[in-house]
Amino acid sequence: MAVRGRAVETLPKLMRSLRKDSASSTVTRTPALPSLRRAFSLYDQINLIDNVPDDQLRFQRYTETGFTVNGVNYEGSLLCVGNLVTSWGPRKFSEITPQSLSIFQIIRPIPEILILGCGRYIEPVDPELRRFIRSTGMKLEALDSRNAASTYNILNEEGRIVAAALLPYGVSS
């Protein structure tokens, strides 16, 4: 008990002594250590953009006429299912029909959501097309192509079964 008492008495003196020495010291101070909060943060280790597996599709860029997917430039419209990408026929929004999306009648597993990239602006989806997509078992999300590509990346990185049908960003009705 006596040792502990001396330690408790000595500690404030030691702290004052250290403060006095550091204040009077003309030696260049080393940078302060980061706070414990920062030192134990996982933010430095989380990088969703760079840590995506090589076999997973990732839209990296879009242009007026196409997209860059996993470092490959594609011109025109694209159809992506899971981790497969292919050129897609429609060149403008009015050309998107149940026939242009007929691949979803045979593809398995059925994606849980189809992200429809409408070009520069979001367009209202024809009720017939909505019924067709619903009949395949998918949900539909119509967005401008820039946000559609980004949404596809996020859902695909989460490991969800997702599809995207994208017109180039330069397309407008």
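1. Rings of Phe, Tyr and Trp (for Trp, the six-membered ring) are taken as a pair if their centres lie within 6.5 Å; planes under 30 degrees apart count as stacked, over 60 as edge-to-face, and the rest as tilted. Under this rule there are 3 aromatic pairs. The pair of Phe-59 and Phe-67 is edge-to-face, at 5.6 Å centre to centre with 80 degrees between the planes. Ring pairs join Phe-59, Phe-67 and Tyr-152 into a cluster.

2. On the basis of the note: this is a predicted model, in which local features need pLDDT of at least 70 and side-chain atom pairs count only at pLDDT 80 or more, while totals for chains, interfaces and linings use all residues. Residues are numbered from 1 along each chain as its sequence is written, and side-chain values use heavy atoms, with hydrogens and water left out.

3. On overall architecture, the protein chain has 4 helices and 8 strands, where helices (H or I, at least four residues) and strands (E, at least two) are DSSP runs numbered from the N terminus. Along the sequence their pattern reads α-α-β-β-β-β-β-β-α-β-α-β. With contact defined as heavy atoms within 4.5 Å, residues 24 or more positions apart account for 65% of the contacts in the protein chain with a separation of 6 or more.

4. On burial, a residue is buried under 20% relative accessible area, exposed over 50% and partly exposed in between (1.4 Å probe, protein chains only). Of the 173 residues in the protein chain, 35% are buried. The chain exposes about 11,800 Å², and carbon and sulfur atoms supply 56% of this area; the areas come from the Shrake-Rupley method with a 1.4 Å probe, and for residues only the protein chains shown count as cover.

5. A nonpolar core is a set of buried Ala, Val, Leu, Ile, Met, Phe, Trp, Tyr and Cys residues joined through side-chain atoms within 4.5 Å. The largest one has 22 residues, and those with the most contacts inside it are Trp-88, Ile-96, Leu-101, Phe-104, Leu-114, Leu-116 and Ile-133. Strand E4 (78-81), E6, helix H3 (127-135), strand E7 (139-143) and strand E8 (162-166) each contribute at least two residues to this core. Its largest share, 3 residues, comes from H3. A second, separate core of 16 residues includes Phe-67, Cys-80, Ile-115 and Leu-143.

6. Around Trp-88, the contacts beyond four places in sequence include Ile-96, Ser-100, Leu-101, Leu-116 and Ala-165. Ser-100 lies in the loop between strand E5 (84-87) and strand E6 (113-117). Ser-100 counts as buried because its relative accessibility is 18%. Apart from residues up to four places away, Ser-100 touches Trp-88, Pro-90 and Glu-95.

7. Val-69 has Val-72 in E3 as its bridge partner. The hairpin of E2 and E3 has 2 residues between the strands, and Asn-70 takes a positive phi near 50 degrees there.

8. How many disulfides are there? The count is 0, a disulfide being a pair of cysteine sulfur atoms within 2.5 Å. Cys-80 is buried at 0% relative accessibility, and Cys-118 is buried with a relative accessible area of 1%.

Definitions and conventions: Pairing = 2+ DSSP bridges.
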